[in-house]
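Colleague: I'm new to this one. Could you walk me through how to read it, one feature at a time?

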Amino acid sequence: MKEKVNKAWLLTGGNLGDRNENLSRARTWIGKECGKIIHASPVYETSAWGKTDQPAYFNQALAIETRLSAKQLMQVVLKIEKKMGRIRTEKYGPRLIDIDILFFNDEIHNTPSLVIPHPALPGRKFVLVPLADIAPNYIHPLMKRTVTKLLQECTDPGHVNKINTGTC
């Protein structure tokens with residue numbers, strides 16, 4: 001029996017160290033440990049969200065094909081963050097790397113260790129802009145609106161500036 005291939009959309013980001021290099025390293029680890037990267041948005045420089053007195057972030061959305069389950073994928077991305085030197089000290093604080101699962105197929109998960117779709121996605125322009133580059137017509141399984149529509153409705157005032165084109 002052939003294993004199911006799942007599709008997941010991730011957001012990578014960070015605001016410490018060489019931000020572009022950290023996103024590149026995260027892409028490499030994700031490709032090795034999670035599955036094949038099939039789409040990558042351009043990299044964007046974005047204002048900090050939640051705790052605004054910190055350096056700007058670089059963010060990139062990725063679409064991957066994976067044989068991992070959503071729970072397994074979450075465990076692997078947390079390990080990648082740790083391998084890359086991520087230390088969790090304060091909520092919304094500066095970070096070397098952050099890898100969030102935005103969507104997993106059209107599944108809905110709501111447990112203490114896994115919430116998909118990412119609950120804050122609709123209110124964060126720094127997530128929606130790069131995601132709209134790679135999945136504009138994806139329909140949010142709970143909100144029943146496309147990523148493009150969610151971006152049009154988003155009132156987040158943060159800046160999102162394209163740094164370079166996507167790589168895959």
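Modeller: Let's begin with a definition: a residue is buried under 20% relative accessible area, exposed over 50%, and partly exposed in between. Keep in mind that this is a predicted model. Now try it on Arg19, which has a relative accessible area of 22% and is therefore partly exposed.

Colleague: And what does Arg19 form a salt bridge with?

Modeller: The general idea is that side chains of opposite charge can pair when their charged atoms come close. Here Arg19 pairs with Glu45, and their closest N and O atoms are 2.8 Å apart. Glu45 sits in strand 3 (residues 43-46) and Arg19 in helix 1, so the pair ties together parts 26 residues apart in sequence. Glu45 is also partly exposed, because its relative accessible area is 22%.

Colleague: How many salt bridges does the count come to?

Modeller: Five. Another one of them joins the side chains of Glu33 and Lys83, at 3.6 Å from N to O. Glu33 belongs to helix 1 and Lys83 to helix 2, so this pair ties together parts that are 50 residues apart in sequence. Both count as partly exposed: Glu33 at 35% relative accessibility, Lys83 at 46%. Then there's Arg145 with Glu153, at 2.8 Å from N to O. Salt bridges that share partners link Arg145, Lys149 and Glu153 into one network.

Colleague: Which residue is buried yet has no salt bridge?

Modeller: That's Asp156, in the loop between helix 4 (147-153) and strand 8 (160-164). The nearest side chain of opposite charge, Lys125, is 6.1 Å away. Leaving out residues up to four places away in sequence, Asp156 touches Trp49, Gly123, Arg124, Lys125 and Phe126.

Colleague: What about the nonpolar residues? Which ones have the most contacts inside the largest core?

Modeller: A nonpolar core is a set of buried nonpolar residues joined through their side chains. The largest one here has 26 residues, and those with the most contacts inside it are Leu10, Ile30, Cys34, Ile64, Leu73, Ile80 and Ile99. Helix 2 (70-83) is among the elements that each supply at least two residues, and helix 2 gives the most, with six. Take Ile64: its contacts, beyond neighbours within four places in sequence, include Leu10, Ile30, Cys34 and Leu73. There's a second, separate core of 21 residues, with Leu11, Ala61, Ala63 and Tyr138 among them.

Technical notes:
Residues numbered from 1 in each chain as written. Predicted model: local features only at pLDDT ≥ 70, side-chain atom pairs only at ≥ 80, totals over all residues. Heavy atoms only, no water. Helix = DSSP H or I, 4+ residues; strand = E, 2+ residues; numbered from the N terminus. Buried < 20%, exposed > 50% of the residue type's maximum accessible area, 1.4 Å probe, protein only. Lys, Arg positive; Asp, Glu negative; His and termini not counted. Salt bridge = Lys/Arg side-chain N within 4 Å of Asp/Glu carboxyl O. Contact = heavy atoms within 4.5 Å. Core = buried A, V, L, I, M, F, W, Y, C linked by side-chain atoms within 4.5 Å.
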